[in-house]
Amino acid sequence: MNPLSKIRKEIEKIDTKIIALIKERLQMSEEVAKHKIQQGMKIFDEFREKKLHEMYEKTAKALGIPENLIKNIFDMIFSESKKTQKQSKLKAGTKKKTAKK
């Protein structure tokens with residue numbers, strides 16, 4: 001295997017790990033949704049999201065990663081997380097209606 005192929009294989013391994021971590025994060029978002037539903041909380045917490053963005057961008061800067069790259073990645077992750085939580089909330093609402101019948 002030539003050096004370029006080896007490097008590409010390593011990148012693929014890293015990408016696979018990233019995908020697995022995103023799946024894990026989405027599963028955790030479902031857990032967050034359960035707690036928010038139980039507590040009667042809103043799905044979107046603007047203050048928390050802003051705080052996380054600031055923290056992640058600071059970490060990116062310290063690691064020499066473009067802050068805008070991290071912001072864009074987490075914008076997508078947060079968006080998907082909110083969508084997952086909204087779906088969980090809708091499912092919970094449907095279960096409550098069905099249980100009442």
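Rings of Phe, Tyr and Trp pair if their centres lie within 6.5 Å; planes under 30 degrees apart count as stacked, over 60 as edge-to-face and the rest as tilted. The model used here is predicted.

**Exercise 1.** Work out which residues the ring pairs link into a cluster.

*Solution.* 
1. The ring rule gives three aromatic pairs.
2. One of them is Tyr56 with Phe74: 4.3 Å centre to centre, 35° between the planes, hence tilted.
3. This pair links distant parts of the chain, with Tyr56 in helix α2 and Phe74 in helix α3, 18 residues apart.
4. Tyr56 and Phe78 have ring centres 6.5 Å apart and planes at 35°, so this pair is tilted.
5. Tyr56 lies in α2 and Phe78 in α3, so the pair ties together parts 22 residues apart in sequence.

**Exercise 2.** Find where the buried residues of α2 sit around the axis.

*Solution.* 
1. The buried residues of α2 are Glu49, Leu52, His53, Glu57 and Ala60.
2. They cover an arc of only 130° around the axis, which puts them on the same side of α2.
3. An α-helix has 3.6 residues a turn, so residues three or four places apart point the same way.
4. On the other side of α2, Phe47, Lys51, Lys58, Lys61 and Ala62 are exposed.

Terms used
Residues numbered from 1 in each chain as written. Predicted model: local features only at pLDDT ≥ 70, side-chain atom pairs only at ≥ 80, totals over all residues. Heavy atoms only, no water. Buried < 20%, exposed > 50% of the residue type's maximum accessible area, 1.4 Å probe, protein only. Helix = DSSP H or I, 4+ residues; strand = E, 2+ residues; numbered from the N terminus. Arc of directions from axis to C-beta. Phe/Tyr/Trp six-rings, centres within 6.5 Å; stacked < 30°, edge-to-face > 60°.
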